[in-house]
Amino acid sequence: MSGRDPASGIRLTARGAVASVLVFTLLGSVLNTVLGLPAVVGLAFVGGCVAAVSLVNPRDLLSLVVSPPLVFFAAVLLAEAVRSLAAPSPAAAFGLGIYSSLSRGAPWLFAGSALVLLIAWRRGLTRCVRDLRDELRASGPAVPRPRAGGAAGAAAGFAPEPEGYFEPRMYGSPREGQ
């Protein structure tokens, strides 16, 4: 953990961090269209990932760690949808554009996801996972344990259901005439 006071500086929520990665990636796509440099999209995505994981609240690390592939796909989908509108055959341009952009962006996607995981791990991702596990364990239903003693089958771990468990229950009293 860094020596910074958590109250100082900018802190993003998980939504804000995901939105910032999306904005960075879309800006990279615009620069790619203007300058003709495909690597700009990947560099913008990786830069957005590093900025987002560095600025997100520590309690939101788990939400951010799982989102880079989805954000990258959404940005490519949106960019290619806009780019294909000017083509003579928009459907073909869209399909080919999605395929080539995702293929060209795969190394950048891997690098951005790995950096997010590494930085989040250093910032306390394990604590977030432990907190989630404890929360799920506390809110889940109690697991029935075998009863001890008495019956011959109890020694083998058999716990019979309570009487009437499978019989339908009758609530109230019958009405007259029924």
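**Overall fold.** I am working from a predicted model. I started with the secondary structure and counted six helices and zero strands in the protein chain. Along the sequence, I read the pattern as α-α-α-α-α-α. I then checked burial: 26% of the 178 residues are buried. The protein chain exposes about 12300 Å². Carbon and sulfur atoms supply 67% of that area. Next I looked at contacts with a sequence separation of 6 or more. Residues 24 or more positions apart account for 71% of them.

**Helix 1 against helix 4.** I took helix 1, residues 14–35, and helix 4, residues 68–84. Their axes lie 9 Å apart, and the packing angle is about 35°. The crossing of helix 1 past helix 4 is right-handed. I listed who makes the contact. Helix 1 contributes Val18, Val21, Leu22, Thr25, Leu26, Ser29, Asn32 and Thr33. From helix 4 come Val71, Phe72, Ala75, Leu78, Ala79 and Arg83. Sorted by class, I get nine nonpolar, four polar and one charged residues in this contact.

**Aromatic pair.** I searched the whole structure for aromatic pairs and found one. Phe45 and Phe72 form it, with an edge-to-face arrangement. The ring centres are 5.0 Å apart, and the planes make an angle of 65°. I call it edge-to-face because the cut-off is over 60 degrees. Which parts does the pair tie together? Phe45 sits in helix 2 (residues 39–55) and Phe72 in helix 4, so the pair links parts 27 residues apart in sequence. I checked burial here too: both Phe45 and Phe72 are buried.

Conventions:
Residues numbered from 1 in each chain as written. Predicted model: local features only at pLDDT ≥ 70, side-chain atom pairs only at ≥ 80, totals over all residues. Heavy atoms only, no water. Axes fitted to C-alpha atoms, helices over the stretch in contact; angles between N-to-C directions. Helix = DSSP H or I, 4+ residues; strand = E, 2+ residues; numbered from the N terminus. Left-handed = near helix turned anticlockwise from the far one by under 90°. Contact = heavy atoms within 4.5 Å. Nonpolar A, V, L, I, M, F, W, Y, C, P; charged D, E, K, R; others polar. Phe/Tyr/Trp six-rings, centres within 6.5 Å; stacked < 30°, edge-to-face > 60°. Buried < 20%, exposed > 50% of the residue type's maximum accessible area, 1.4 Å probe, protein only. Areas by Shrake-Rupley, 256 points an atom, 1.4 Å probe, with all protein chains shown as cover.
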